[in-house]
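Good morning, colleagues. Please turn to the sequence and the structure on the screen, and I shall then take you through two parts of it.

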Amino acid sequence: ASRPLCSQARPALGLDRADKMADAALNEAQRLGIKPISITVVDEAGRVIVSKRQDGCGNHIPALALAKATSCVGVQMSSRALRDKYVDRPTQIASMVDITGGQLAPFPGGVLCRTIGSTGGEVVGAIGISGASADQDEHCAIIAAQSQGFASEPAASTLPEVYAQIGVHTLYSRSDGVLSSWNGWPGVALMPNLNFAAPSLRYTIGRLNVAPHPLTHP
């Protein structure tokens, strides 16, 4: 029987999952209402699988997203970790960026993707996002990677776990149920499904039910 000249196993991070990752990042960016972003997903060798950008994204933003993604696979760490590693050696990291022709981006927004395994998992690629704040870029990248069952580096976002804009009010909450900011009022304790003021508005955000209800400054 004839055999193919070569056979190739289906990659863990192929076009289908990369495209879904990019869409997950776009959906999260839209949910947060942040500035337009650009997304690049690369494989373990740094080859581009998918690149997307939102309308209104600046001309140079896609290049930054690519640099964040290639940084991750090139040095086998997140772009945040790369920044932190050389924070006390700015001359060295500047030289590294120059030597690699701008393929290193030492700032958050690049997330390394691994298979989930007891020994750390195999690197399958990375996702780089740029256009919003660095923390927001990274948050969307983490959401995207984990949406397809990959372990992400970093493993968790630095943004609050619950986030919403309600009229002129901004609600931030952590997973421990502490409302870290409600229109500038810090440290208000929350209980599940507790109602909070948002005139004429009603939203359900995670475990928190936000509805018309008086709330006074502490």
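A residue is called buried here when its relative accessible area is under 20%. By that criterion, the buried residues of helix 1 are Ala18, Met21, Ala22, Ala24, Ala25, Leu26, Glu28, Ala29 and Leu32. Please bear in mind that we are looking at a predicted model.

Let me stay with helix 1. With 18 residues at 1.5 Å a residue, helix 1 should span 26 Å, and this agrees with its end C-alpha atoms, which are 26 Å apart. Gly33 follows helix 1 and has a positive phi, near 70°.

How do helix 1 and helix 5 cross? The axes of helix 1, residues 15–32, and helix 5, residues 134–147, come within 8 Å and cross at roughly 135°. Helix 1 is therefore oblique to helix 5. The crossing of the two helices is right-handed.

On the side of helix 1, the contact is made by Met21, Ala24, Ala25, Glu28, Ala29, Arg31 and Leu32; on the side of helix 5, by His139, Cys140, Ile143, Ala144, Ala145 and Ser147. The residues of this contact comprise 9 nonpolar, 2 polar and 2 charged.

I turn now to Gly125, which lies in strand 4, residues 123–130. Is Gly125 buried or exposed? Its relative accessibility is 0%, so Gly125 counts as buried. Setting aside neighbours within four places in sequence, Gly125 is in contact with Leu13, Val42, Asp43, Glu44, Val73, Leu112 and Cys113. Finally, Gly125 and Phe150 are 25 residues apart in sequence, and their C-alpha atoms are 9.9 Å apart in space.

Definitions and conventions
Residues are numbered from 1 along each chain as its sequence is written. This is a predicted model: local features need pLDDT of at least 70, side-chain atom pairs count only at pLDDT 80 or more; totals for chains, interfaces and linings use all residues. Side-chain values use heavy atoms; hydrogens and water are left out. Axes are lines fitted to C-alpha atoms, for helices over the stretch in contact, and angles run from 0 to 180 degrees between N-to-C directions. Helices (H or I, at least four residues) and strands (E, at least two) are DSSP runs, numbered from the N terminus. Angles under 35 degrees count as roughly parallel, over 145 as roughly antiparallel, 65 to 115 as roughly perpendicular and the rest as oblique. A crossing is left-handed if the near helix is turned anticlockwise from the far one by less than a right angle, and right-handed if clockwise. Contact means heavy atoms within 4.5 Å. Ala, Val, Leu, Ile, Met, Phe, Trp, Tyr, Cys and Pro count as nonpolar, Asp, Glu, Lys and Arg as charged, and the others, Gly among them, as polar. The expected span of a helix is 1.5 Å times one less than its number of residues. Buried means under 20% relative accessible area, exposed over 50%, partly exposed in between (1.4 Å probe, protein chains only).
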